[in-house]
Amino acid sequence: MFGKVRTAKNTTDGNSIGVAKRRRSHGARSHRDTRAFTLFLAPSFAGVLLFVLLPFMDVVGRSFRTVVTGQFVGFRNYGTIFANQAFILAVKNTFRFTLVCIPLLVIIGLTVAAPVSKLKNAGTIKSLYLFPLAMPTATIVIVWKMVFYRQGFLNLFLTRLGEWTGLWEEVRTDYLGTSAAFWVLVFSYIWKNTGYTVVLWLAGILGIPNELLEAARVDGASERQCFFKIVFPNLKGSLYTIVILSFLNSFKIYREAYLVAGAYPQQDMYLLQHLFNNWFVNLDFDKMAAAAVCVGGFLFIVIMLLQRVWDKKA
């Protein structure tokens, strides 16, 4: 009996030692992984800290001071920009542009990607859709001017169509000098950014296991049911990425708007980037700093809210 007790005790001690060794081994491996992960991210984090975070903190500090003397003025700069009519107009136009363009871009991209994903030469077609991104902005602007100015191709086409149908006379609309300028800008943004949206949608669609679709078709599901019940629910990751990228890219349309209509375009095209450029030219760095902090804070809050909503849906 005592022998059995000693054997059981030895077995228990051996198991405890084995468990302790495994824990130490797991702890050492976890420590090595953490160290490797830290070393891998250190260069990127150092670059972000040096070139993004520290300059932004400097901008935050300047937003509470005057330009010349550096005197602390509290929130006076913020009060100044919110009382500025140009700032209010630029915020409204930028917000409107974002609300219009992002849904259009998401829907158009998915509408194009769904049928393209069924083609055998989808890779070649993806390259064609990315072609607008490779075109220089100055070239695009020249094309838009040739199409949309008063004697441009669009008015010429509409004039010929009116003569052929007899419904209207000569068309001389100045699209870049009226409220239609906003929709010219929307068209330019959609045309240029649809390509990468289609590619991202295609990556998500082609990543769905084909066995799921085949099983659904065997069970009698139509193509429409397969899309809305299987394909679309599996594209949540792609949808989040596309919305975030489109949201950020909507703040980069300034080059096209500036080259088309200059620093002071028609008021429907006057965006935040125009305002920042004009303040920079006038050396209003205190107002620029306050506005930059507001815009940066707004972007951060929107992205965090989208992430939270996305996590709840997932």
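## Basis of the model

Local features in this predicted model need pLDDT of at least 70, side-chain atom pairs count only at pLDDT 80 or more, and totals for chains, interfaces and linings use all residues. Residues are numbered from 1 along each chain as its sequence is written, and side-chain values use heavy atoms, with hydrogens and water left out.

## Packing of α6 and α8

Helix α6 (residues 137-148) packs with helix α8 (residues 180-206) at an angle of about 135 degrees, their axes lying 12 Å apart; helices here are DSSP runs of H or I with at least four residues, numbered from the N terminus, and axes are lines fitted to C-alpha atoms over the stretch in contact, with angles running from 0 to 180 degrees between N-to-C directions.

In this contact (heavy atoms within 4.5 Å), T137, I140, W144 and F148 of α6 meet V184, F187, S188, W191 and K192 of α8.

## Helix α11

Helix α11, residues 236-249, comprises 14 residues and reaches 20 Å from its first C-alpha to its last, close to the 20 Å expected at 1.5 Å a residue, where the expected span is 1.5 Å times one less than the number of residues. Its buried residues (under 20% relative accessible area, with a 1.4 Å probe and protein chains only) include Y240, I242, V243, I244 and F247.

## Tyr254 and its surroundings

Y254 belongs to helix α12 (residues 254-261), and it counts as buried because its relative accessibility is 17%. Leaving aside neighbours within four places in sequence, Y254 is in contact with Q273, H274 and N277, while the C-alpha atoms of Y254 and L185, 69 residues apart along the chain, are separated by 9.6 Å.

Notes:
Helices (H or I, at least four residues) and strands (E, at least two) are DSSP runs, numbered from the N terminus. Buried means under 20% relative accessible area, exposed over 50%, partly exposed in between (1.4 Å probe, protein chains only).
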